[in-house]
Amino acid sequence: MAEYAEHGDLKLDDSDVSEANTSKRSNTSMHEESFDEKPGSSKLKRKFGSPSGPQESPSKGDKNTSISSKESPKKDPTSAQQATADEILSAKRKKEKSGRVERMKMQRLVTAFSEDQLNRYEMYRRSSFPKASIKRLMQSIAGCTVSQNVVIGVAGVSKVYVGEIMEIALDVMEQQGETPPVKPKHIREAIRKLKARRTFPFSKLKTNPL
Amino acid sequence: MADSDGTKQSPQHSKSSSQQDLDKKKRLFFKEIRCMMYGFGDDTNPYTESAELIEELVIEFITELTHKALQIGRPGRVQVEDIVYLIQKDARKYARVKDLLTMNEELKKARRAFDEAKF
């Protein structure tokens, strides 16, 4: 953690923080109660725990029954089914455990942040596109109403999109050896690199006319 | 950038009409994009031009997404499945959409259970 204090540069895409960030993007870690987006939902999260929380108690209960059933001789024909059920349960438990480990890691990390880093992290978690504007934009384009889930999905994807642009733009900027506020030329270079990736959606659009 | 001195005069010959329209139009996501840029690692005060460029990119992205979604699946409607289908190649975005939607479902369930439990 001393690295971050003396580095002064708050790029959150260094070493293990970037790992944490990418893992954050792939598992939604709603355990960070202090940085929840809506105050109402934070109470619910505390009450019901993280997404895998409510599943923990039933799985533990099943664990007991599954062990006892496994130890008993194979009397019933459904023992094979129970074996696969056990596999599924153990896989689920492993996932939960790794999820828990992830969360603990994140918590330890966040407690070690300096104030600047905390600010930036808060901005990272809390910033989002206003759903009303996105809905308005999409409805004006589509000409039909869009459901709430679509708006939620598109807002989230757009934020990831901005994140990808920013990450690459910051790398480009560093390669060119320049200082923080990112300039449009870095952003354009970032876009060029993104579009060259085959996984980028709509990469077929701006094909050069050969 | 052209935006810096556009306030005083209206040089119709130097700017294209779309650029003029953009100047007159209010920026949709002004503050949010700046917060996001800071959160993702930019300076405390990101450049206005960079923020405007990113906003244009995002609007273009959403526009393309919407247009494509209109064509696939049920034509003329934008549904969640269309979005998921279009995004599936990009692993990061796909994972994010899945997470957001499952989270939303869980929250809805939790709220319903909570409301029922109130009695």
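This is a predicted model: local features need pLDDT of at least 70, side-chain atom pairs count only at pLDDT 80 or more; totals for chains, interfaces and linings use all residues.
Among contacts in chain A with a separation of 6 or more, 56% link residues 24 or more positions apart. The accessible surface of the chain comes to about 12,300 Å², and carbon and sulfur atoms hold 53% of that.

Then there is the interface. Here 59 residues of chain B touch 66 residues of chain A, and about 6,100 Å² is buried between the two chains, with 73% coming from carbon and sulfur atoms. On the chain B side, B:Met36, B:Phe40 and B:Arg92 give up the most area to chain A, together 13% of what that side buries.

Polar and charged pairings show up at the interface too. The count is eight residue pairs in polar contact between chain B and chain A, and four salt bridges are found across the interface. One of the salt bridges joins the side chains of A:Lys195 and B:Glu60, at 3.9 Å from N to O. As for which parts of chain B do the touching, the elements that supply two or more residues are α2 (30–40), α3 (48–71), α4 (80–87) and α5 (91–117). Of these, α3(B) gives the most, with 17 residues. Sorted by class, the side of chain B that touches chain A has 32 nonpolar, 10 polar and 17 charged residues.

Technical notes. Residues are numbered from 1 along each chain as its sequence is written. Chains are lettered from A and ligands numbered from 1 in the order in which they are written. Side-chain values use heavy atoms; hydrogens and water are left out. Contact means heavy atoms within 4.5 Å. Accessible areas come from the Shrake-Rupley method with a 1.4 Å probe; for residues, only the protein chains shown count as cover. Buried area is the accessible area (1.4 Å probe) that two parts lose on being put together, summed over both. A polar contact is a pair of N or O atoms within 3.5 Å; within protein, one must be able to donate a hydrogen and the other to accept it, and residues adjacent in sequence count only if both atoms are side-chain atoms. Helices (H or I, at least four residues) and strands (E, at least two) are DSSP runs, numbered from the N terminus. Ala, Val, Leu, Ile, Met, Phe, Trp, Tyr, Cys and Pro count as nonpolar, Asp, Glu, Lys and Arg as charged, and the others, Gly among them, as polar.
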